[in-house]
Amino acid sequence: MTAPTDPASDPSAEAAGGPGTPETPTAAASSTSSLGRNSIVMAAGTAASRLGGLVRNLMLVAAIGATGTVADAFDVANKLPNVLFAILAGGMLNAVLVPQIVKAFRAHNAQERVDKLLTISAVGILAITAVLTGGAAWVVMLYTDGWSAEQLALGTVFAYWCIPQLFFYGLYTLLGQVLNAREQFGPFMWAPVANNVVSVLGFGIFLVVFGGTDAGINDLTEWNTPRTVLLAGTATLGIVAQALVLLVPLLRSGFRWNLRLGLRGIGLRSAGAVAMWTFAAVVLEQAGVLYLTRVASEAGAASTATESFAGNASYTQALLIYLLPHSLVTVSIATALFTGISKAAQEGDTDRVRDDLSLGLRTIGVFTVFATAALGVLAGPATAFIVPTAGAEDTALIAPVLVALSFGLVPLGGMALMKWVFYAYEDGRSVFWITVPSTVALVAGLVAAQIWLPIEYWVVAAGGAYALSNWITVLLRTGGLKRKLGGRLDGGRIFVLHAKAVLAAAVAGGAGWGVYQLVGGFDVLSFDKGWLFTMLSGLWVTALCGVVMLAVYVLLLRLLRVKELNGLLGPVLARLRR
């Protein structure tokens, strides 16, 4: 549920320099500069892949729509490998593999240990993928509710083609983490561009051969095998390309992966406990996602010929936009910090861990607070710009879900980075117990919506329940890390930063909303003139209001002396001056 996708103490000078040793300005600047440089490299790759992903998504929506029988069936089937991989990546690979790879590269038998880690992981993922592909029909039934037999059949066929993506998602992560451990951060973030190229070509061919949503796409009696193979096969082939392209930078850097089985001497015994607890935490988290998917599938299935309700596909479109700021900035900052945090944790350098965590939370906070205000104010035009092929009706269904989700963006950034700190200390137990109340809150919010709200508001409520669960998670992880890091978490500076950012974002949001209403609001978007005019109208409205909001926000942060703003703007401004 948190990002693939994923995917966030006393204020004193002692935080970085150790007890009694104040941090020097040079040290602070160096740390911020290094973070900025690594983040820029990864953010550039992520931006390129996300831009391609938006084109990919635009063409997918043009082909099968953002609501309806086929859109929901494909959405669930294509979501399954992501959900299943989240269990593996969050539960096993990221929790166990990254710390062990960091250790392996420092060991005397580094090549042997890395070979064994990669081989065991790849074989395990391949076996799990085969089992789940064989059970595709049961998996689809588990994740849906209220579907007709025809829609279930279509979703199952899609799943047979899509679930094999699981293995290649795993391979992508395995190779990417080796690159990250070698401090080659760029390729991991640029690899999804290959997926987007393949997908754009495949979906483009689908549109040429079979037409789009205007060609009776939701008439299941007209759906045939060539449509299924081209649509779902394209999605899977894109993930294959995304994984295999990482072999190029690895081989060029001199790294070789020799298939080597064996468990002895690779550190998995010490990682067994954290793997078990982390696996349990992710399974519990995905149980909440499962219930959310079933609620959304029931809501979408209640649509009629005259009235459409938001369903799985609508929620996914809102989630795609919601995760853009997280993936572009937050993940880049967190990834740049994690290798150093992991090393510091292994060396027992608590002050370094605390300092890097504080730096990450404050820098991320500057961005996510503004992004929350921007998504809340500009959900309509942003959706029209990013998903212009959705049309007026579907955009009106997606935008309220996006607004509800946006309130969980600030904690999402913090909880992602915090979870990685727990993993750096090989503490899966705390992650699991913190997941319990957050998952309960998510499910409780969904049940409350089913009891008290009309079905057309269920998916909006799902976005709100997801945001609530994020806040509960980040608050509980704050308490857990405070105890783990010696009773201090630099909480004063983190709180003051967020308070200043919220004040500035509130004023900026008010200014942006005023400009939005002044130009005509939702009615100014040109849905009746085709998707290109829709995109252009969404672009200029979003850009105009966004620039106003950003100018007000940055000005107020400068007046409030928020130094963390330099961590985001510094590297960018330095490049522009060249």
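1. D490 counts as buried, with a relative accessibility of 0%. D490 sits in the loop between α19 and α20 (491–518). Its phi is positive, about 55°, although D490 is not a glycine. Most residues other than glycine have a negative phi.

2. A word on the basis. This is a predicted model: local features need pLDDT of at least 70, side-chain atom pairs count only at pLDDT 80 or more, and totals for chains, interfaces and linings use all residues. Residues are numbered from 1 along each chain as its sequence is written, and side-chain values use heavy atoms, with hydrogens and water left out.

3. The overall picture comes next. The protein chain has 22 helices and zero strands. Both are DSSP runs numbered from the N terminus: H or I over at least four residues for helices, E over at least two for strands. Of the 578 residues in the protein chain, 56% are buried. The protein chain exposes about 22900 Å², and carbon and sulfur atoms supply 67% of that area. Accessible areas come from the Shrake-Rupley method with a 1.4 Å probe; for residues, only the protein chains shown count as cover.

4. How many salt bridges does a search of the whole structure find? The search finds seven. The criterion is a side-chain nitrogen of Lys or Arg within 4 Å of a carboxyl oxygen of Asp or Glu.

5. D490 takes part in one of these salt bridges. Its partner is R493, and the closest N and O atoms are 2.8 Å apart. R493 is partly exposed, at 29% relative accessibility. Elsewhere, salt bridges that share partners join D351, R354 and R488 into one network.

6. Another salt bridge links D75 and K79, with 3.5 Å between the closest N and O atoms. The two residues are separated by about one helical turn, because they are four residues apart in helix α3 (residues 69–104). D75 is buried at 11% relative accessibility. K79 is buried too, with a relative accessible area of 18%.

7. Which residues make the nonpolar surface patch of about 550 Å²? V447, I451, W452, L453 and Y457 make it. Patches are made of residues with over 30% relative accessible area and no salt bridge; nonpolar side chains (Val, Leu, Ile, Met, Phe, Trp, Tyr) are joined within 5 Å, and like charges within 9 Å. W452 lies in helix α18 (residues 428–452). W452 is exposed, with a relative accessible area of 69%.

8. Helix packing deserves a look. Two packed helices are described by the angle between their axes and the distance between the axes. Axes are lines fitted to C-alpha atoms, for helices over the stretch in contact, and angles run from 0 to 180 degrees between N-to-C directions. The axes of α17 (residues 409–424) and α19 (residues 458–484) come within 9 Å and cross at roughly 40°. α17 is therefore oblique to α19. Angles under 35 degrees are roughly parallel, over 145 roughly antiparallel, 65 to 115 roughly perpendicular, and the rest oblique. The crossing of α17 and α19 is left-handed. That label applies if the near helix is turned anticlockwise from the far one by less than a right angle; clockwise is right-handed.

9. Compare a second pair. The axes of α6 (residues 149–162) and α10 (residues 225–244) come within 8 Å and cross at roughly 40°. α6 and α10 are therefore oblique to each other. Their crossing is right-handed.

10. R561 also has a positive phi, near 60°, and is a residue other than glycine. R561 is found in the loop between α21 (531–559) and α22 (565–577). Is R561 buried or exposed? R561 is exposed, with a relative accessible area of 73%.

11. Last, I321. This residue is in helix α13 (residues 312–346). I321 counts as buried, at 2% relative accessibility.

Terms used: Buried means under 20% relative accessible area, exposed over 50%, partly exposed in between (1.4 Å probe, protein chains only).
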